[in-house]
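My notes are below, in the order I took them.

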Amino acid sequence: MRVVKLPARLSLCLLALILAACCRNDQTTDQASCNASTPNTAAGSSDGSGSNVRFSQPGAIAVDAGGNLFVADTANNTIRKITAAGEASTLAGSAGNSGSSDGSGSRARFNQPGGIAVDAGGNLYLADTQNHTIRMITSAGVVTTIAGSAGQAGQNDGTAGDARFNQPWGVARDGAGNLYVTDTGNATVRKITAAGVVTTLAGSAGSQGSSDGSGTRAQFNLPRGITLDNAGNSTGTAVNLAVNIYIADSNNNTIRKLDQNGNVSTLAGTAGSSGSADGSGQRARFNQPYGIALDSAGNIRVSDSGNQLIRTVSLTGVVSTLAGAAGTAGSTDGSGNKARFNQPEGIAADAANNIYVADTSNNLIRKVTPDAQVSTLFGGGNSNSSSCLCLFKL
């Protein structure tokens, strides 16, 4: 019998055809896993675009109407801007230099800045957590202190520098120019009017708990993220607020609601019971929820930090998981439960209902589309994605 030796090029072509046929007919590899990628998670403070950009424990994020992102880069003590075109720059602060100085650009100083909000004019409002102050940053990077006194923790209401905070973290702004702050160390929710007058809306300073109720009868336990729904007063009755407020009550593992009449209720989760269960109201479980944002479709998005998840809560309290795998930390991009996060904190929604996440322990800024596709902005060029050889069943 004569054995015909095929040319090397023809042999490779035949092998490729056989492999392609096998992969089509008997592939066992999950294609979503094949398409996933793992970004570079190295910390740093570099500006620029693409693989050169670095963050260090980014803690909070906001997005403006033009699609620009603003990041409280907590461990760097800076405020960063990411344009819609993908260019990152340092708006205020100096990487590695903490302090409390007002001023312009790199002359300003922060101390582990937390929550951040942006208004229609491009001005930022910041909870400068370890300075116990609320700061304002103009679009040109000029920083001023609008409430509290640097280095002086306290609980006093009052005007501007006479007021005191204790490690404030979350901040949100309404259309009338009022700011709402989760005063985390005091376990209270505070309001700052456009004139700088600070009052306490709910909670009792120094009294941690989980009680629902109004005013000082309500209790929180390390409240962090805060967002507003801009609800109007449709009843015509007197109200205390022009908005409903939603709060990530981290140590209670719950999502709370402060309504227009000043009443606090628990929208989802059960105080003292951590977990990752989806479901309605008290049947749902969270583990250290941190950031919270409301999109234009009426979805409350939550970074469930201890679970490494991004969750969705309806306005009626029904909880579902959008992305991530409960209890599994990582940095992989991908779809839904194929994606991985590592202690995500800040979260924001844009006009198209995309979600942006400050993935804190990964030192990354992530994007989650409404259909749960997770990608990394500035991935660092260290991708583990490949064409993925298929596996065969014998």
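This is a predicted model: local features need pLDDT of at least 70, side-chain atom pairs count only at pLDDT 80 or more; totals for chains, interfaces and linings use all residues.

These entries go from the sheet to the pockets and then to the stretch listed as a repeat.

**Entry 1**

I began with an open sheet of five strands and wrote down its order as S5-S9-S8-S7-S6, with antiparallel pairing. Which strands sit at the edges? I found strand S5 (103-104) and strand S6 (113-118) there, each pairing on one side only.

**Entry 1: S7 against S8**

Next I looked up how strand S7 (residues 124-128) meets S8, and got five bridges with the two running antiparallel. For a landmark I picked Leu-126, which stands opposite Arg-135 in S8. The hairpin of S7 and S8 has four residues between the strands, and in this hairpin His-132 takes a positive phi near 60 degrees.

**Entry 2: S8 against S9**

On to the other partner of S8. How many bridges join strand S8 to strand S9? I got four, between residues 133-137 of S8 and residues 142-147 of S9, and the two strands run antiparallel. I noted two pairs here: Ile-137 stands opposite Val-143 in S9, and Ile-134 has Ala-147 of S9 as its bridge partner. The hairpin of S8 and S9 also has four residues between the strands, and there I marked Gly-141 with a positive phi near 90 degrees.

I then asked why S8 counts as largely enclosed by the rest of the structure. It does so because four of its five residues are buried.

**Entry 3: the largest pocket**

I turned to the open spaces. The largest pocket comes out at a volume of about 990 Å³. It is lined by 39 residues, and the closest to its centre are Val-63, Val-118, Thr-227, Leu-294 and Ala-349.

Which strands supply at least two residues each to this lining? My list reads strand S1 (58-63), S6, strand S11 (168-173), strand S16 (223-228), strand S21 (289-294) and strand S26 (344-349). S11 gives the most, with five residues. Sorted by class, I have 21 nonpolar, eleven polar and seven charged residues in the lining of the largest pocket.

**Entry 4: the second largest pocket**

This one has a volume of about 290 Å³. I found 18 residues lining it, with Gln-112, Thr-129, Trp-169, Tyr-290 and Glu-345 nearest its centre. By class, its lining holds five nonpolar, eleven polar and two charged residues.

Then I picked out Asn-354, in the loop between S26 and strand S27 (355-359). Is Asn-354 buried or exposed? It counts as buried, because its relative accessibility is 11% and the cut-off for buried is under 20%. What does Asn-354 touch, leaving aside its neighbours within four places in sequence? I wrote down Ala-348, Ala-349, Lys-367, Val-368, Thr-369 and Pro-370. Ala-349 had already turned up, among the residues closest to the centre of the largest pocket.

Notes:
Residues are numbered from 1 along each chain as its sequence is written. Side-chain values use heavy atoms; hydrogens and water are left out. Two strands pair if DSSP finds at least two bridges between them. On a 1 Å grid over the protein atoms alone, a cavity is a set of points where a 1.4 Å probe fits but cannot get out, and a pocket is an open set with protein on both sides within 12 Å along at least five of seven lines; lining residues have an atom within 4 Å of a point. Grid points are joined across faces, edges and corners, and a volume is the space filled by probe spheres set on the points. Ala, Val, Leu, Ile, Met, Phe, Trp, Tyr, Cys and Pro count as nonpolar, Asp, Glu, Lys and Arg as charged, and the others, Gly among them, as polar. Buried means under 20% relative accessible area, exposed over 50%, partly exposed in between (1.4 Å probe, protein chains only). Contact means heavy atoms within 4.5 Å.
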